[in-house]
Amino acid sequence: MGSLHNLPTEKLQALDASHHLHPFTDTLALNQKGTRVITEAAGVYLTDSDGNRYLDGMAGLWCVNAGYGQREILDAAYAQMEQLPYYNTFFQTSHPPVIELSALLAELTPEGLNRTFFCSSGSEANDTVVRLVRHYWASVGKPQKTVIISRENAYHGSTMAGASLGGMKPMHKQGGLPIADIEHIMQPHWFALGHEQSEEEFGLRAARALEERILELGAERVAAFIAEPIQGAGGVIVPPANYWPEIQRICREHNVLLVADEVICGFGRTGKWFGCEALDIKPDLMSVAKGLSSGYLPIGGVVVSDQFAHGLEQGGDFNHGYTYSGHPACAAAAIANLKLMRREKIVETVESTTAPWFQQRLAELADHPFVGQIRGYGMLGAIQLVPNKGTNQAFPKEGDIGSLCRDFASSNGLVMRAVGDSMILSPPLIISKSEIDELFSIARQAIDQTWAHWQKAS
Ligand SMILES: *Cc1c(COP(=O)(O)O)cnc(C)c1O
């Protein structure tokens with residue numbers, strides 16, 4: 001444990017402000033306010049340095065699927081570090097934990113996806129995807145297939161390639177992105193973009209945008225299409241039911257690889273082991289991270305199909321890898337996490353019991369006069385706040401109301417995230433029905449308070 005553990009909050013905040021640069025943060029604004037210091041967690045609850053308790057409605061950052069304090073994950077990492085804390089997987093070497101995890105993933109992932117390239121995060125997984133798919137096409141004699149098509153408002157990580165694949169404009173603006181040969185098409189966000197059409201018409205239109213772009217570029221240039229089965233950081237956007245089948249058809253017809261970014265949807269979030277299974281997608285590659293180790297230690301990977309692996313084998317050396325590819329302690333934590341999830345039937349319980357309850361309680365908020373749309377699937381939810389119910393009209397300054405609602409929620413003891421003016425939920429998968437009730441009672445209270453504030457102000 002760090003030696004600062006018992007310092008008063010103001011001291012911790014002052015040190016943080018002086019020496020720590022936070023991700024996705026306006027440093028000046030944060031340091032005027034002071035950061036929240038989280039010190040402990042157990043089950044679905046967090047504790048801060050002032051002793052306040054919060055229900056973690058976000059599972060950390062969409063990753064603590066198994067919940068906090070799972071002793072067997074800690075023990076596995078500790079035992080592995082005692083025996084072999086580190087060795088690399090370059091230069092024709094391997095070690096038992098990475099071998100076991102590779103085989104375990106082959107068992108858990110959909111049929112035909114049997115080999116994994118390891119890294120330490122979702123961003124690195126997607127960087128690896130870019131190099132893998134381009135090298136694959138070069139290896140099978142089609143080196144001109146280099147373009148990767150993604151979607152506006154997608155999130156694929158924060159590294160140069162990850163942020164390029166992502167469709168977040170504010171990220172592209174910083175650092176001269178996107179990198180070459182990355183294209184973006186519209187996202188399947190019916191509420192924001194398709195209100196004048198039926199959900200079905202819109203689903204088809206959004207999918208056909210892929211075909212149009214492929215034809216524009218020429219299929220002989222297009223390497224892959226990458227997408228999250230359900231967009232997470234973009235605001236929990238569940239595509240219309242006909243979207244994915246049409247995407248699947250288009251990729252097959254034009255010989256374009258389909259990459260599912262399962263970094264959020266993977267490992268039980270949808271009530272299946274992978275979002276692909278929930279939405280009936282047959283990907284050639286899957287990026288995984290987050291729930292792979294339930295966030296206990298950093299690990300990610302790209303799982304590829306047998307056919308893809310065979311193609312890649314034609315190309316000789318793949319000149320790519322990380323010092324920590326398949327890190328033994330991280331792999332051991334992932335194995336323990338996956339075994340725990342399998343033994344305790346966590347994914348099955350999500351599907352049969354807790355996700356239906358979560359979705360029912362979420363849907364009850366649709367009646368609220370401040371709520372314009374509810375989006376959800378499995379253990380993912382979004383509550384879209386709107387100034388005028390019945391329209392998809394936005395607030396005058398996007399995000400202010402969402403942030404206010406988030407702050408009310410945390411004052412009331414719930415971590416709920418704001419994406420613009422959508423309130424986002426993605427709790428640990430071990431959450432019980434009574435904890436789900438507590439979550440929604442605090443969420444409703446926060447929405448009431450935000451609405452009262454809005455009515456007074458306008
Ligand atoms: C979080 C996330 C990433 C990036 O993962 P990091 O571990 O933060 O690098 C990539 N894709 C999706 C869908 C994500 O949600």
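Start at strand β14 (417-419). Select it together with strand β15 (residues 422-425): three bridges join the two, and they run antiparallel. Strands here are DSSP runs (E, at least two residues), numbered from the N terminus. Two strands count as paired if DSSP finds at least two bridges between them.

This is a predicted model, in which local features need pLDDT of at least 70, side-chain atom pairs count only at pLDDT 80 or more, and totals for chains, interfaces and linings use all residues. Residues are numbered from 1 along each chain as its sequence is written, and side-chain values use heavy atoms, with hydrogens and water left out.

Pick Arg417. Opposite it, in β15, stands Ile424. Now widen the selection to the four strands of this open sheet, in the order β11-β12-β15-β14, with antiparallel pairing. Which strands stand at the edges? They are β11 (371-377) and β14, each with a single partner strand, so one side of each is left without a neighbour in the sheet. Neighbouring strands are turned by 25° against each other on average, direction ignored. The axes behind that angle are lines fitted to C-alpha atoms.

**Strand β9**

Next, select β9 (residues 285-288). Both faces are covered. Leu285 and Ser287 lie on one side, Met286 and Val288 on the other, and all are buried (under 20% relative accessible area, 1.4 Å probe, protein chains only). In a regular strand the side chains alternate between the two faces of the sheet.

Ala260 has Met286 as its bridge partner in β9. Leu285 stands opposite Val304 in β10.

**The ligand**

The surrounding residues include Ser123, Asn126, Tyr155, His156 and Glu228. By class, the shell divides into three nonpolar, six polar and three charged residues. Helix α6 (residues 122-139) gives the largest share of the shell, three residues.

Show the polar contacts (pairs of N or O atoms within 3.5 Å):

- Lys290: a side-chain N or O atom lies 2.7 Å from a ligand oxygen.
- Asp261: a side-chain N or O atom lies 2.8 Å from a ligand nitrogen.
- Gly122: a backbone N or O atom lies 2.9 Å from a ligand oxygen.

How much of the ligand does the protein bury? Taken alone, the ligand exposes 380 Å², and the protein buries 83% of that (Shrake-Rupley method, 1.4 Å probe).

Technical notes:
A residue is near a molecule or strand if one of its heavy atoms lies within 4 Å of it. A polar contact is a pair of N or O atoms within 3.5 Å; within protein, one must be able to donate a hydrogen and the other to accept it, and residues adjacent in sequence count only if both atoms are side-chain atoms. Ala, Val, Leu, Ile, Met, Phe, Trp, Tyr, Cys and Pro count as nonpolar, Asp, Glu, Lys and Arg as charged, and the others, Gly among them, as polar. Axes are lines fitted to C-alpha atoms, for helices over the stretch in contact, and angles run from 0 to 180 degrees between N-to-C directions. Buried means under 20% relative accessible area, exposed over 50%, partly exposed in between (1.4 Å probe, protein chains only).
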